[in-house]
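Here is a short briefing on one model. Please look over the sequence and the structure before reading the points.

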Amino acid sequence: VAVNATRADDGEGRLWPFGIGSCYINNRSVDDNERWVPRMAAIGLRAFRTPHTDWGVVEPEKGRWDWKALDAQMDYLNRHKFQYGCLLIGNPAWNKADPPGHLPVRNLEGWSNYVTRLAEHVKGKATHLEVWNEPPNFTGKDQTPADYAKIVVAAYRAAKAVDPSFKIGLAAKSVHVNY
């Protein structure tokens with residue numbers, strides 16, 4: 001479990017200097033969150049990096065959206081009084097324009113649609129959208145920071161078209177020193 005430096009209002013006007021993020025295994029569902037989130041809430045954390053918003057999870061087939069797991073997770077986090085953002089990440093198996101494990105730069109239209117639909121769905125619940133996680137992790141070996149920039153620009157435009165008040169964040173890079 002990683003701690004993110006952030007500032008979140010606890011609902012009573014107090015700002016908290018720390019939030020929490022999780023590895024993939026501990027954040028796929030409410031069941032995963034139940035193993036550790038109550039303890040984080042008990043020590044006063046109120047900012048949660050992201051519920052599970054992977055593109056391939058919320059759009060498992062092109063044009064078929066499934067919000068059930070995300071809604072359950074957001075409800076769970078709300079019950080524990082967490083504020084959260086959303087991580088924009090993923091390249092679904094149905095996207096044949098981009099190889100698996102690559103940034104979806106050959107399908108920016110699909111990526112933009114994912115960001116739009118997610119932003120519409122979380123509007124009023126989340127205010128921050130973060131683009132990807134630790135690039136170049138989860139990207140193709142031939143992909144570059146310029147490719148990452150393409151999905152950032154597309155995400156920014158799509159989210160801001162839904163709600164200009166969305167805050168769009170860049171991912172913290174991984175330990176790859178040349179990226």
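Leaving aside residues up to four places away in sequence, Trp-111 touches Trp-55, Leu-88, Ile-89, Gly-90, Pro-104, Val-131, Trp-132, Ile-151, Ala-154 and Ala-155. The model is predicted.

**Nonpolar core**

- The largest nonpolar core has 45 residues, and Trp-111 is among those that touch the most other members, together with Phe-82, Leu-88, Tyr-114 and Val-122.
- Two or more residues of this core come from each of helix 2 (37–42), helix 3 (55–58), helix 4 (68–79), strand 5 (86–88), helix 5 (108–122), strand 6 (128–131) and helix 6 (145–162).
- Helix 6 gives the largest share, eight residues.

**Aromatic pairs**

- The structure holds eight aromatic pairs.
- Trp-36 and Phe-48 are stacked, because their ring centres are 5.7 Å apart and their planes meet at 25 degrees, under the 30 degrees that stacking requires.
- Trp-36 lies in the loop between helix 1 (30–34) and helix 2, and Phe-48 lies in strand 3 (residues 47–48), so this pair ties together parts 12 residues apart in sequence.
- Trp-36 is buried at 5% relative accessible area, and Phe-48 is buried at 3%.
- Trp-65 and Trp-67 form another stacked pair, at 5.5 Å centre to centre and 10 degrees between the planes.
- Trp-65 and Trp-67 are both buried.
- Ring pairs also link Trp-111 with Trp-55, Trp-94, Tyr-114 and Trp-132 in a cluster.

**Strands 6 and 7**

- Strand 6 and strand 7 (residues 167–170) run parallel and are joined by four bridges.
- Glu-130 has Gly-169 in strand 7 as its bridge partner.
- From strand 6 the chain passes through helix 6 to strand 7, a β-α-β crossover that is right-handed.

**Cysteines**

- The count of disulfides is zero.
- Cys-23 is partly exposed, because its relative accessibility of 38% falls between the 20% and 50% limits.
- Cys-86 has 2% relative accessibility, so Cys-86 counts as buried.

**Ala-42**

- Where does Ala-42 sit? Ala-42 belongs to helix 2.
- Is Ala-42 buried or exposed? Its relative accessibility is 67%, over the 50% limit, so Ala-42 counts as exposed.
- Ala-42 and His-80 are 38 residues apart along the chain, and their C-alpha atoms are separated by 9.2 Å.

Terms used:
Residues are numbered from 1 along each chain as its sequence is written. This is a predicted model: local features need pLDDT of at least 70, side-chain atom pairs count only at pLDDT 80 or more; totals for chains, interfaces and linings use all residues. Side-chain values use heavy atoms; hydrogens and water are left out. A nonpolar core is a set of buried Ala, Val, Leu, Ile, Met, Phe, Trp, Tyr and Cys residues joined through side-chain atoms within 4.5 Å. Buried means under 20% relative accessible area, exposed over 50%, partly exposed in between (1.4 Å probe, protein chains only). Contact means heavy atoms within 4.5 Å. A disulfide is a pair of cysteine sulfur atoms within 2.5 Å. Two strands pair if DSSP finds at least two bridges between them. A crossover is right-handed if, with the strands pointing away from the viewer, the path from the first strand over the helix to the second runs clockwise. Rings of Phe, Tyr and Trp (its six-membered ring) pair if their centres lie within 6.5 Å; planes under 30 degrees apart count as stacked, over 60 as edge-to-face and the rest as tilted.
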